[in-house]
Amino acid sequence: MFFDRHEGGETAVLVHIDVNDERKREDPQEFMELVRSAGVESAAFISTTCKHPTPRFFIGPGKVQEIRELVVLHDVDVVLFNHALSPSQERNLEKEFQCRVVDRTGLILDIFAQRARTFEGKLQVELAQLQHTSTRLVRGWTHLERQKGGIGLRGPGETQLETDRRLLRVRIKSILRRLDKVRKQREQGRRSRVRAEVPQVALVGYTNAGKSTLFNRMTESVVYAADQLFATLDPTLRRIELEDIGPAVLADTVGFIRHLPHKLVEAFRATLEETRQSDLLIHVIDSHDPERLDNIDQVESVLKEIDANEVPMLEVYNKIDLLQGVEPKIQRNDQGRPVRVWVSAVTGAGTDLLLDAIKELLSDDMLEGELTLKPAQGRARARLYKLGAIQSEGYSETGDIVLHIRVSRPDYDRIAKQEGLADDCFSSSLA
């Protein structure tokens, strides 16, 4: 990695400011969860109200003095702000506190750096970190102001800061090339699934809503799941079998968060393509969270940013085991389509209803009815059996094969074209 990564065990002063602008307001409880997920120990928590953040320090001089005293008293390693700071504000605060200052974006990037496991995930995190750091290089090396001249020492005459920026640009270009290769590989796998007519379902939702626990329950996997923010960073795909539908791919994705840094959205665009290319999104919601309505808005905002807001969606209200008197159930709209399922991923209550709802939504493009085949069309019959599409089989008085089938429209159209089936041999109805 390009720069040092600090492991857990650091002590920090936490700073939260209530601002007037509702769009920029952050949740202090979520801030504490982020700090806990980063493995940082809190030495003190400072909360204050600020109508208009100052250009120099973001906070007022009184708070700067108070935090400086706490830094000395507790001998802290870092001061964490629950807000986005400008590069100049970070530098000014570091000069005052004589320790590192990290804003909300930097904190989230650090958590992502700790969680990344796959080669692709590490590349994406490094890209976001480099893009974030590129505007903060003034704090860089001070051991040389300008490369020295002289015999054997003449260089391009650029400052160390300019050298740093040039090296950054080279590294960013290298990562972008690698990610482009990964993106093409993902696209190739995606095209293979499309050719095989395998539907894809993606779990999305606010971080710590229980997506990975639900994923494990549905796929009988052992994907890492924990009660912490961003427990899942690298996307995981598993095959599941749906009755009457056949195989499908279920994808577990990174959780969203309010004011998700735009650099992260850009860096993880290759991963988020799995969401945009899905046939159905399962929006997992923490039903026990008092901020769930705001969290839903944040998820929908990110989905819109990655052009995934047009994908059909099913809401899943998770963690009903923490609510009193709530039973597993499916809620439907006026047309009778499932729109919401209440489940508990921990106990497994309602997961059977969730699978039923998924099957129902994926079967919107299913054909069901009777197909009459001539004895010579046995190959079409064999292909339908291979797909698991034949519900029952019989024979007409004339000796024709009469099959009751349930199959996806693309599968049937392909077989009908390749086997030369006439239009009038199939009387169908939408399932």
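How many helices and strands does the protein chain have? There are 13 helices and 15 strands, taken as DSSP runs numbered from the N terminus (H or I of at least four residues for helices, E of at least two for strands). The structure is a predicted model, in which local features need pLDDT of at least 70, side-chain atom pairs count only at pLDDT 80 or more, and totals for chains, interfaces and linings use all residues. Residues are numbered from 1 along each chain as its sequence is written, and side-chain values use heavy atoms, with hydrogens and water left out.

Of the 431 residues in the protein chain, 48% are buried, that is, under 20% relative accessible area with a 1.4 Å probe, counting protein chains only. The accessible surface comes to about 22,000 Å², and 49% of this belongs to carbon and sulfur atoms; the areas come from the Shrake-Rupley method with a 1.4 Å probe. Among contacts (heavy atoms within 4.5 Å) with a separation of 6 or more, 70% are between residues 24 or more positions apart.

S3 (residues 78-81) is joined to S4 by three bridges, and here Val79 stands opposite Val101. Axes are lines fitted to C-alpha atoms, for helices over the stretch in contact, and angles run from 0 to 180 degrees between N-to-C directions.

Strand S5 (residues 200-205) is mostly covered, with six of its six residues buried. In a regular strand, side chains alternate between the two faces of the sheet. Gln200, Ala202 and Val204 point one way from S5, while Val201, Leu203 and Gly205 point the other way. S5 runs parallel to S7 (residues 246-252), joined by four bridges, and parallel to S8 (residues 280-286), joined by five bridges. Leu203 stands opposite Asp252 in S7 and opposite Ile282 in S8.

Turning to a helix pair, the axes of H7 (residues 211-219) and H11 (residues 351-362) come within 11 Å and cross at roughly 80°. H7 is therefore roughly perpendicular to H11, a term covering angles of 65 to 115 degrees. Leu214, Arg217 and Met218 in H7 meet Thr351, Leu354, Leu355 and Ile358 in H11.

How values were computed: Pairing = 2+ DSSP bridges. Parallel < 35°, antiparallel > 145°, perpendicular 65-115°, else oblique. Buried < 20%, exposed > 50% of the residue type's maximum accessible area, 1.4 Å probe, protein only.
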